[in-house]
Amino acid sequence: MSLRLSTVILPYRRWNEGGREAWQRAEQLGFHTGYTYDHLSWRTFRDGPWFGAVPTLTAAAGVTDRLRLGTLVTSPNFRHPVTLAKELITLDDISGGRVTLGIGAGGTGFDATALGQDPWTPRERADRLAEFVPLLDRLLREDSVSYEGDYYSAHEARNIPGCVQRPRLPFAVAATGPRGLKLAARHGQAWVTTGDPKLYENGTPEQSRQALRGQLDRLSDACAAIGRDTDELDKILLTGFTPDRGRPLESLDAFVDFAGRHRELGFTEIVVHWPIPDSDFAADEKVFEQIAMEAAAQLV
């Protein structure tokens, strides 16, 4: 299988001041999917412009025809399955069935406290995700859902006519722990990782690949435990958070080497950040476009 190349376009630009053009250019360059972060604000961008993920993707759907669209990732930090399902069904309809939902437990950043709550512990985040994902799965498949759980409820929640994609739009579950990997195995059409965060500062690329190999093995074990073939899941690596950092985008050869090594591990999709000047995602735009247009042919 050819390795897919996708991009993340952060929602920090006004639509009429470069936002629209980035999504259109992503399609022109041949990216498989254009993702965006689903946050209320994010790290160094907190005190600057930052727009909502679902409205941004809806606008992107209106100015593209082939590009798949998705979140990396949506979390329970400020989302509820009932309202999220309605938005996703609408987005899937407007885009003609081009939506992938990246979903994960979330973290302790600004989203975790923006609604006035204390940040949840890792266990609490895992508990909520374990309830969130199966309920959202039902809401996107069934015309009417009633449910009463520890964290979420639904009372005759209607979602007619459902998704364009059947039985529902695909989930890309971000997980590295045992409970999250079980969710990916049971409910995911794809699995997402950013690598091992403990290696970001002082690890080596080889150590990172070894850690990723371990994650892939644990995903396989989670699939085997429920009788599922792990080959049924796409394996997505969101770059920029491993010890390699921005080096893969320094040249076409550097990217092909990086992507090839990770394809050998079993990854089917590599996601790169759209260049943002004066940020952790700064990159030469000409090299970035060369990678988008030429790398895939070298990775067949």
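Just after helix H7, glycine 266 adopts a positive phi of about 125°. The model is predicted.

**Helix H7 and its surroundings**

- H7 (residues 252–265) is built from 14 residues and spans 20 Å between its first and last C-alpha, close to the 20 Å expected at 1.5 Å a residue.
- The buried residues of H7 are Leu252, Phe255, Val256, Phe258, Ala259, Gly260, His262 and Leu265.
- An α-helix has 3.6 residues a turn, so residues three or four places apart point the same way.

**The H6–H7 pair**

- Two packed helices are described by the angle between their axes and the distance between the axes.
- The axes of H6 (residues 205–225) and H7 come within 10 Å and cross at roughly 30°.
- That angle makes H6 roughly parallel to H7, because angles under 35 degrees count as roughly parallel.
- The crossing of H6 past H7 is right-handed.
- On the H6 side the contact involves Arg209, Leu212, Arg213 and Leu216, and on the H7 side Arg261, His262 and Leu265.
- Sorted by class, this contact contains 3 nonpolar, 1 polar and 3 charged residues.
- His262 and Leu265 are among the buried residues of H7, and both meet H6.

**Cis peptide bonds**

- Leucine 72 and valine 73 are joined by a cis peptide bond with omega of about -10°; valine 73 belongs to strand S3 (residues 68–74).
- Arginine 166 and proline 167 are also linked by a cis peptide bond, with omega of about 5°.
- Proline 167 sits in the loop between strand S6 (153–158) and strand S7 (171–174).

**Positive phi in residues other than glycine**

- Glutamate 156 is not a glycine, yet its phi is positive at about 50°.
- Glutamate 156 is part of strand S6 and, with 44% relative accessibility, counts as partly exposed, because that class lies between the 20% limit for buried and the 50% limit for exposed.
- Aspartate 278, another residue other than glycine, has a positive phi near 55°.
- Aspartate 278 lies in the loop between S10 and H8 and is exposed, with a relative accessible area of 82%.

Notes: Residues are numbered from 1 along each chain as its sequence is written. This is a predicted model: local features need pLDDT of at least 70, side-chain atom pairs count only at pLDDT 80 or more; totals for chains, interfaces and linings use all residues. Side-chain values use heavy atoms; hydrogens and water are left out. Axes are lines fitted to C-alpha atoms, for helices over the stretch in contact, and angles run from 0 to 180 degrees between N-to-C directions. Helices (H or I, at least four residues) and strands (E, at least two) are DSSP runs, numbered from the N terminus. Angles under 35 degrees count as roughly parallel, over 145 as roughly antiparallel, 65 to 115 as roughly perpendicular and the rest as oblique. A crossing is left-handed if the near helix is turned anticlockwise from the far one by less than a right angle, and right-handed if clockwise. Contact means heavy atoms within 4.5 Å. Ala, Val, Leu, Ile, Met, Phe, Trp, Tyr, Cys and Pro count as nonpolar, Asp, Glu, Lys and Arg as charged, and the others, Gly among them, as polar. The expected span of a helix is 1.5 Å times one less than its number of residues. Buried means under 20% relative accessible area, exposed over 50%, partly exposed in between (1.4 Å probe, protein chains only).
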